[in-house]
Amino acid sequence: MKKHYLTPLFILMISTLIISCGSKKVMKTAPSFEPYKFDASQYVPKVDNFVVILDTSSSMADKYGQKEKAKIAKELLTAMKQTLPELNYNGALIAFGHDAHLPDKSAMLVYGPTKYSTSGFGSALNATKGPSGDSSLPLAKAIKASGVDLKSTRGSTAVILVSDGEKMDQAPVKAAKALKSQFGDRLCIDTVLVGDNPAGKMTLEQIAKAGGCGISTTADQLASSANMAGFVEELLLAKPAPKPAPMAAAPKPMDSDKDGVPDNLDKCPDTPMGATVDARGCWT
């Protein structure tokens, strides 16, 4: 008899344990990215143009954590695309590193420069191939190419480089300095590090410093919707200038004796009310 009672109890305990383990696995799943929704009517473009330079070289095939760095970079730019409202700025996307055995294909313009649209940028990003090829010289070429692509544009420009910064020499830093020299105060260079390579971090910081006015951050720091929104706003959005307050109406001049001639023109300030006066306010 005891065996019959113990069997259901044992099954219940095993079932509870399985459900508990399953719950723990669900809790470990990373939450999906929920982009912050800017009210486009409350913002104006901070820049006239922006160019994203995406690293698709072979080192981006390495994993950072549990994910390939190339996938992290694409997910980051997808999050940026979802966050950025469609305003009147031009956008462009350059990929570098792939097909390194073909020098003319090591850096490619895959989108723009054209008026930015969420769908257009997203389609170009999804179609970007890689990772393969070298990184240092192709990145230098991509930075130089951005100068050619932006030559006919007007206004200010933000260049946003997304890379792991690995296997690079000083060629990209020199190219960044040359680009800054070409556009001067019209251009800032911002960098986003994918991974945690110390040498790569230093290289990207040097590239941002060459721009003189950009920031250097990491994909880890931009993983949350709030931080991504802050990044997008700092680089690309601005609040419109407040409208000037309406001018107050000028006060009506005093006319103490009520003769129709203001005090500052009245030569006879004590005329009785109802008297006929001339332009000087004197009794006629």
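**Exercise 1. Strand pairing**

S2 and strand S7 (residues 157-163) pair in the parallel sense over 6 bridges. The model is a predicted one. Task: find which residue of S7 is the bridge partner of Leu 54, and state how many bridges join S2 to strand S5.

Solution. 
Step 1. Take the pairing with S7. The partner of Leu 54 in that strand is Val 162.
Step 2. Turn to S5, which covers residues 90-96. S2 and S5 run parallel and are joined by 7 bridges.
Step 3. Pick out a residue pair. Phe 50 has Gly 91 of S5 as its bridge partner.

**Exercise 2. The order of the sheet**

Task: write down the strand order of the open sheet and name its edge strands.

Solution. 
Step 1. The open sheet has 6 strands in the order S6-S5-S2-S7-S8-S9, and its pairing is mixed.
Step 2. The edge strands pair on one side only; they are strand S6 (107-115) and strand S9 (216-218).
Step 3. From one strand to the next, the twist averages 15 degrees.
Step 4. Look at the pairing of S5 with S6. These two strands are antiparallel and share 6 bridges. Here Asn 90 stands opposite Lys 115 in S6.

**Exercise 3. Buried or exposed?**

Task: decide whether the residues of strand S2 are buried or exposed, and say what follows for the strand.

Solution. 
Step 1. Sort the side chains by direction. Asn 49, Val 51, Ile 53 and Asp 55 point one way from S2, while Phe 50, Val 52 and Leu 54 point the other way.
Step 2. Check the two groups. All of these residues are buried.
Step 3. Draw the conclusion. Because 7 of the 7 residues of S2 (residues 49-55) are buried, the strand is largely enclosed by the rest of the structure.
Step 4. For contrast, take Gly 274, in the segment after strand S10 (237-238). Gly 274 has a relative accessible area of 70%, so it counts as exposed.

**Exercise 4. Helices on the sheet and on each other**

Solution. 
Step 1. H5 lies across S7 and S8, and runs at about 150 degrees to S8.
Step 2. Two packed helices are described by the angle between their axes and the distance between the axes.
Step 3. On the H2 side they are Lys 74, Leu 77, Thr 78 and Lys 81; on the H3 side they are Thr 118, Phe 121, Gly 122, Leu 125 and Asn 126.

**Exercise 5. Salt bridges**

Task: state how many salt bridges the model has, and describe those that involve Lys 69.

Solution. 
Step 1. Side chains of opposite charge can pair when their charged atoms come close. The count for this model is 4 salt bridges.
Step 2. One of them joins Asp 164 and Lys 69, at 2.9 Å from N to O. Asp 164 is in the loop between S7 and helix H5 (171-183) and Lys 69 is in helix H2 (residues 69-83), so the pair ties together parts that are 95 residues apart in sequence.
Step 3. Compare the accessibilities with the cut-off for buried, under 20%. Asp 164 is buried at 0%, and Lys 69 is buried at 4%.
Step 4. Glu 166 also forms a salt bridge with Lys 69, with the closest N and O atoms 2.8 Å apart. This pair links parts 97 residues apart, with Glu 166 in the loop between S7 and H5 and Lys 69 in H2. Glu 166 counts as buried, at 17% relative accessibility.
Step 5. Another salt bridge joins Lys 201 and Glu 205, at 2.6 Å from N to O. These residues are 4 apart in helix H6 (residues 198-211), so about one helical turn separates them. Lys 201 is partly exposed at 39%, and Glu 205 is partly exposed at 37%.
Step 6. Through shared partners, salt bridges join Lys 69, Asp 164 and Glu 166 into one network.

**Exercise 6. A charged residue without a salt bridge**

Task: find which side chain of opposite charge is nearest to Asp 190, and how many Å away it is.

Solution. 
Step 1. Locate the residue. Asp 190 lies in strand S8 (residues 187-193).
Step 2. Asp 190 is buried yet has no salt bridge. The nearest side chain of opposite charge is that of Lys 46, 8.6 Å away.
Step 3. A salt bridge requires the atoms to be within 4 Å.
Step 4. Beyond its neighbours within four places in sequence, Asp 190 is in contact with residues including Ala 158, Ile 160, Gly 214 and Leu 235.

Note on methods: Residues are numbered from 1 along each chain as its sequence is written. This is a predicted model: local features need pLDDT of at least 70, side-chain atom pairs count only at pLDDT 80 or more; totals for chains, interfaces and linings use all residues. Side-chain values use heavy atoms; hydrogens and water are left out. Buried means under 20% relative accessible area, exposed over 50%, partly exposed in between (1.4 Å probe, protein chains only). Two strands pair if DSSP finds at least two bridges between them. Lys and Arg count as positive and Asp and Glu as negative; His and the chain ends are not counted. Contact means heavy atoms within 4.5 Å. Axes are lines fitted to C-alpha atoms, for helices over the stretch in contact, and angles run from 0 to 180 degrees between N-to-C directions.
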